[in-house]
Amino acid sequence: SAAPMPSPVQPPPAPAPASLPAGWDRLLTPEGEEYFHNTHTGTTQWERPTEPARPLKPSRRQPGAAAAGGASGSSRDLSSYPIYDYDELAVPRERLPADVNPNERELHLDEFQFNYYFYCTKEEFLKKPKWRRIQNKKDVHLF
């Protein structure tokens, strides 16, 4: 007589995620991996935060950090852009969130997703020639 087929083992239900300290958002990579976004600095990390997020203090060792405009000479406060998930930005212009400039969709990605799609930081991206930035945005459907 044939042995009965074993039933598949069901993993225990995942516990409800504990609330995060103030200033942190929980995000998922396109593969479903959890990571955390500091809403004050725009930085991300893999480890679950245990302390409230705090804005970065200016460092004396990094003069000119605010001038991230590249060859054009314009400086941009990249932290002023509201953060959206890639899927919210890779949509037709009329479906974009109201506070997103259609010509700067990429600047609304968090640093992790920006690096995932563009293979560089926002500051490095802004230093590229305009034709290259446009092509990069077309390549990832953000143009």
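H37 is buried, with a relative accessible area of 4% (buried means under 20%, exposed over 50% and partly exposed in between, using a 1.4 Å probe and protein chains only). This is a predicted model, in which local features need pLDDT of at least 70 and side-chain atom pairs count only at pLDDT 80 or more, while totals for chains, interfaces and linings use all residues. Residues are numbered from 1 along each chain as its sequence is written, and side-chain values use heavy atoms, with hydrogens and water left out.

**The whole chain**

- The protein has 4 helices and 3 strands (DSSP runs numbered from the N terminus: H or I of at least four residues for helices, E of at least two for strands).
- Starting at the N terminus, the order of elements is β-β-β-α-α-α-α.
- Of the 143 residues, 30% count as buried.
- The accessible surface is about 10200 Å², and 54% of this belongs to carbon and sulfur atoms (Shrake-Rupley method with a 1.4 Å probe; for residues, only the protein chains shown count as cover).
- Among contacts with a separation of 6 or more, 39% come from residues 24 or more positions apart (contact means heavy atoms within 4.5 Å).

- Strand 1 (residues 24-28) pairs with strand 2 (residues 34-38) in the antiparallel sense, over 5 bridges (two strands pair if DSSP finds at least two bridges between them).
- R26 has F36 of strand 2 as its bridge partner.
- The hairpin has 5 residues between the strands, and G32 there takes a positive phi near 90°.
- H37 itself sits in strand 2.
- Leaving aside residues up to four places away in sequence, H37 touches G23, W24, D25, L27, G42, T43, T44, I83 and D110.

**Helix 2 and its surroundings**

- At the start of helix 2, D110 places a side-chain oxygen within 2.9 Å of the backbone nitrogen of F112; D110 is also one of the residues that H37 touches.
- Helix 2 (residues 111-118) has Q113, F114, Y117 and F118 as its buried residues.
- Viewed down the axis of helix 2, these buried residues fall within an arc of 110°, so they line one face of the helix (the arc is that of the directions from the helix axis to the C-beta atoms).
- As a reminder, an α-helix has 3.6 residues a turn, so residues three or four places apart point the same way.
- The buried residues of helix 2 pack against strand 1, strand 2, helix 1 (86-89), helix 3 (122-126) and helix 4 (130-139).
- Y119 follows helix 2 and has a positive phi, near 60°.

Terms used:
Polar contact = N/O pair within 3.5 Å; in protein donor to acceptor, adjacent residues only side chain to side chain.
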